[in-house]
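Colleague: I'd like to learn how to read a model like this one, feature by feature. Can we go through it together?

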Amino acid sequence: MTLTCQRGLTTVNNACHDADNQHSIGIIGGGMSGVAAAEKLISGLLQGGKSPEVHLFDRGRVVGGRCSSRHVDVDGYHIEFNHGCQIICPRTDAFLQHVDQVWRRELGLVRQCPQVIQLDSFGKKLHPASSQMNGVENFMGHGRGRDVFVGTPNMNAIVSGVAHQCQSRYPGFSINANTAVTDIRWVGTASWKVTYGGGECKYLTHLVVADAAAVDLVQHPDTPAAVRDGFKAVTSVEYEPVFAFVAATQGSSSITFTNAILDHQNTTETTPLTPFSMISRQQQLASYDTWVALTTQRKAREILQRWPMRTATGTVIPQEGEYRKKVAEYLAPDFKQALQYLEGRKECQEIDQPMVLWTFSHRWGRAFPTRDTVLSTPSIYMEEYGIGACGDAFHSPPASPLESAWLSGRHLGNQILKQFLSKHQHYANFCHQVWRRELGLVRQCPQVIQLDSFGRQLHPASSQMNGVENFMGHGRGRDVFVGTPNMNAIVSGVARQLGAPIIHVSTFSTTALESTDGISDGAFSMSTAVIQENDGGEAVSP
């Protein structure tokens, strides 16, 4: 039998057990909704004085979801681009206030972006640029709003910046990027077993599912029927695809805007100007410009007919170099033509077309939910099992899908937070009101110190601790109680109060604790000393 320990996990014959699973929260999906849930949870836990572990898992190379950015060096050119969300235009007051006050003023993760124009699909300028739009353009976060924001230095900085801010504020928060969750199992006793990576796992008491692909993992035969039924609505949501086309062009364009939104909803003519819904200038340098163009859903479906996203058996075909190259070559002529129209040149002549130095494409298979299948609730949560779902499947009118994802994550985080804090607060209130005031079974015990295993005093005494000290009832809290006249008086006193027959009671007398140097307990100024185990070295006390 082999026994190995990894980051607090003990593995015996491939069976996993988390030593500190008394209270722990897992978030699957590090996009906008998952990080919004983490942000809400951690703010509330800090205010409530609680410190369960919170683990974020994301299968992407970095957290961010559709707020994705890349950096590449090609033939001496350093190319930076956002190949997902391009801008954020809040529609609700709550989101606008958070973006402006927290992300812009406090964290410096966004800046205002006024250089946005809106065109119809034939190049005619529409006013205002922030008018109501539907469909794929909402994938980029744009919609009816008063202000337009962009991430700084890029769009990924928003989500990753918020995640790392949570980590700096809350040591118990871990970010596990490039980590795919492969299995989710209900193991009873308020615990979910989440397997990830190369077979590692954690046991979690609360679970946030913020990844559309991970929702399918919940539909396991071992999952309680109530949970499976609750998640059926999420699995029924259908999504539209989007392709991002990225190009670096030689020279500097005369275009003055940063983002052009092409409205295909109000088109009356039969042949539109371009199959793109938005074209953004990412870099404007002396020798080259970098562009990102996002397709319409119709064009994306056309591409998937040529190069499918899945095999006949349903397996996802990965986006590797050859796949990206084919799609980029297919979209390049449309992009060149679109740039000419945006520069005001209506005649498409080959000699006037920009020289493309480099191209790239990215497929978003689940870019945004269809109108007919999207859920109208902000999130779902099954309190009895401590599991819920949030993200793109949920829509909160009048918010755009990106904004809805943020609202969805916040809503689910708040649901878990209320349940979590109410349980702890109820226990604290019960100790105060019933056991202390009404029955007189406990008294407050302020004389508690905390030492490491070398005798050094730690502050505060009520800080988070793991392992055997929790067996004794100690943990992070504002008050410490002790039974009066002894600890057995609590349970036996409650039993007598209820009128329950007591079959057998054993009474033990205690003797004075004596230290190794012969000093009796009367010389100590504390009533309890909690010994915290050190990570290394020989301890004074076992």
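Predicted model: local features only at pLDDT ≥ 70, side-chain atom pairs only at ≥ 80, totals over all residues.

Colleague: Where does Q250 lie, and what does Q250 touch?

Modeller: Q250 lies in strand β17, residues 239-250. Strands (E, at least two residues) and helices (H or I, at least four) are DSSP runs, numbered from the N terminus. Leaving aside residues up to four places away in sequence, Q250 touches S287, M355 and L357; contact means heavy atoms within 4.5 Å. There's also a C-alpha separation of 9.1 Å between Q250 and A286, which are 36 residues apart along the chain.

Colleague: And in which loop is E238 placed?

Modeller: E238 is in the loop between α5 (225-235) and β17. E238 is partly exposed, because its relative accessible area is 48%. With residues up to four places away not counted, E238 touches F368, P369, T370 and T373. For E238 and V374, 136 residues apart in sequence, the C-alpha to C-alpha distance is 7.5 Å.

Colleague: Is D211 buried or exposed?

Modeller: D211 counts as buried, because its relative accessibility is 12%. The loop that holds D211 runs between β16 (206-209) and α4 (212-218). I28, G29 and R59 are what D211 touches, once residues up to four places away in sequence are set aside.

Colleague: How do I read two packed helices?

Modeller: Two packed helices are described by the angle between their axes and the distance between the axes. Take helix α1 (residues 32-48) and helix α3 (residues 156-169): the axes come within 10 Å and cross at roughly 25°. Axes are lines fitted to C-alpha atoms, over the stretch in contact for helices, and angles run from 0 to 180 degrees between N-to-C directions. α1 and α3 are therefore roughly parallel to each other. For reference, under 35 degrees is roughly parallel, over 145 roughly antiparallel, 65 to 115 roughly perpendicular, and the rest oblique.

Colleague: Which residues of α1 and α3 meet?

Modeller: From α1, M32, V35, A38, E39, I42, S43 and L46 meet V159, V162, A163, C166 and R169 of α3. By class, this contact of α1 with α3 has 9 nonpolar, 1 polar and 2 charged residues. Ala, Val, Leu, Ile, Met, Phe, Trp, Tyr, Cys and Pro are the nonpolar ones, Asp, Glu, Lys and Arg the charged ones, and the others, Gly among them, polar.

Colleague: At what angle do α6 and α7 pack?

Modeller: Helix α6 (residues 297-306) and helix α7 (residues 321-342) pack at about 135°, with axes 12 Å apart. α6 and α7 are therefore oblique to each other. K299, E302, I303, L304 and R306 of α6 make the contact with Y323, V327, Y330, L331 and D334 of α7. That contact of α6 with α7 has 6 nonpolar, no polar and 4 charged residues.

Colleague: What about the backbone: which residue does a cis peptide bond join to P398?

Modeller: That's P397, with omega about 5°. P398 is in the loop between β23 (387-389) and α8 (401-438). The T484 to P485 peptide bond is cis as well, with omega near 10°, and P485 lies in the loop between β27 (481-483) and α10 (488-498). For phi, look at N178: the value is near 55°, positive in a residue other than glycine. N178 is in the loop between β12 (173-176) and β13 (181-186), and N178 is exposed, with a relative accessible area of 59%.

Colleague: Zooming out, how many helices and strands does the protein have?

Modeller: 10 helices and 28 strands. Of its 542 residues, 48% count as buried. Among contacts between residues at least 6 apart in sequence, 71% join residues at least 24 apart.

Technical notes:
Residues numbered from 1 in each chain as written. Heavy atoms only, no water. Buried < 20%, exposed > 50% of the residue type's maximum accessible area, 1.4 Å probe, protein only.
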